[in-house]
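Biologist: I'd like to learn how to read a model like this one. Could you walk me through it?

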Amino acid sequence: MSNKVNVDGALLFEQPFARVPYEAYRKVFRTSQRYIERELGAVQITSGELAKQAKANYDPSSALNSIDSMIGRVEGLKRKLSDLNETSAAATQNVMRARFNHIAELESFQSRDDPSFSRWADKRIDRWLVDWALRNGRESTARKLAEEKHIEELVDIELFSDIRRIESALRQHSCTEALAWCSENKAALRKTKNTLEFDLRLQEYIELVRAQKKVEAIAYSKKYLVAWQDSHFKQIHRAMALLAFPPPSAFGPYKRLYDLDSWESLVHAFRLAVYNLNALPTEPLLHLALYGGLASLKLPMCYDAAHAKNADCPVCDAHGLGILAKEVPWSHHVNSTIVCALSGKIMDEDNPPMMFPNGYVYSRAALENIKGKDGKVTCQRTDMTCDFSALRKVFIS
Ligand SMILES: [Zn+2]
């Protein structure tokens, strides 16, 4: 086996690693764009009015005031932009730089025996552990590990603490935070045809109907739901009919609309949308990396209760990695080697496999070893005893 570092293989896992700070930076960019549009738009309007005044009744003192206000706006804009640049933008750029440097190191390793490669791989495992902890709500563990290993810039603590904040708001039946997130990422969500925003709006509408605030509910639907009618006509239609069915008299689909479990579905949909946007897989990276190894080891024997577990096989560990390995396909061996369960020796033409009438197979050499004086052999796994002559030779093609 080649000892070269598989750079392409390693990079396969690193897409979200580069994508998360990129998305964060895009947010900074959009904020600055908003500032610029707002302030310069106002300056443009004032200067347009000033130009009109210059042609008609020209008043120097009011013109001076307008110019002062324009200068004030532009100075304010400059201050805001430089604040943004010094705080969020600089921090995000540092994260990007640190991450790209970390990935670039991959190219410099001569082989996998290179001690600096194993240090790099250790760091990667630490990153994956932090990712796992963050996804499973163990934020303080994640922070501690990141701090201890000095990998704060290489993990997504900020992103996940944002996720946690918004999810806990949803669990307390508030859509405000999630809707703010949707508006920050409007363009990206539209591009992927994500309808989280509609689901959130629908939920807010349902809550108004639940509280029997019918006038507000109708106004809300006109403002926020109607815009979605091209893609969600049926749902909007049903939502409107909900007005006729207050919670106690609701049935069938209307009853389902009132179901409080839909808040949990919103939490789920929100997390999926965040993962999608940042190219994060829905499973922890640690699991994905382990799947690769487990798939190459997984055999039906590992899950067969009748078989003794192999202490060296991680898939055989029913309470540990065996659970994770259920998710991966069976290993595929082009050239299998069959090993005798009794002696551990390879079975081939010189030491052929022999089958008991019940189907269990051992090597001939091992069976001859355990054959009794009466010519009988006993199957170690089922205690079945039979004449050696009753065993049948198995041919492997
Ligand atoms: Zn196994």
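**Domains and a metal site**

Modeller: The protein chain splits into domain 1 (1–110), domain 2 (158–277), domain 3 (285–325) and domain 4 (336–397), with bounds from an automatic or database domain assignment. This is a predicted model, so local features need pLDDT of at least 70 and side-chain atom pairs count only at pLDDT 80 or more, while totals for chains, interfaces and linings use all residues. Residues are numbered from 1 along each chain as its sequence is written, and side-chain values use heavy atoms, leaving out hydrogens and water.

Biologist: How many Å separate the centres of domain 3 and domain 4?

Modeller: Taken over C-alpha atoms, 27 Å.

Biologist: Which residues are the protein donors of the zinc ion?

Modeller: Donors are N, O and S atoms within 2.8 Å of the metal (3.2 Å for Na, K and Ca); water is not among the atoms, so sites may look incomplete. Here they are Cys 302 (SG), Cys 313 (SG) and Cys 316 (SG), 2.2 to 2.4 Å from the ion. Their sequence spacing reads C-x10-C-x2-C.

Biologist: Are Cys 313 and Cys 316 buried or exposed?

Modeller: Buried means under 20% relative accessible area, exposed over 50%, partly exposed in between (1.4 Å probe, protein chains only). Both Cys 313 and Cys 316 are buried.

Biologist: And where is Ser 221 placed?

Modeller: Helices are DSSP runs (H or I, at least four residues), numbered from the N terminus. Ser 221 sits in helix α10 (residues 214–225), and with a relative accessible area of 2% Ser 221 is buried. Leaving aside residues up to four places away in sequence, Ser 221 touches Tyr 205, Val 226 and Met 240, contact meaning heavy atoms within 4.5 Å.

Technical notes
Helix = DSSP H or I, 4+ residues; strand = E, 2+ residues; numbered from the N terminus.
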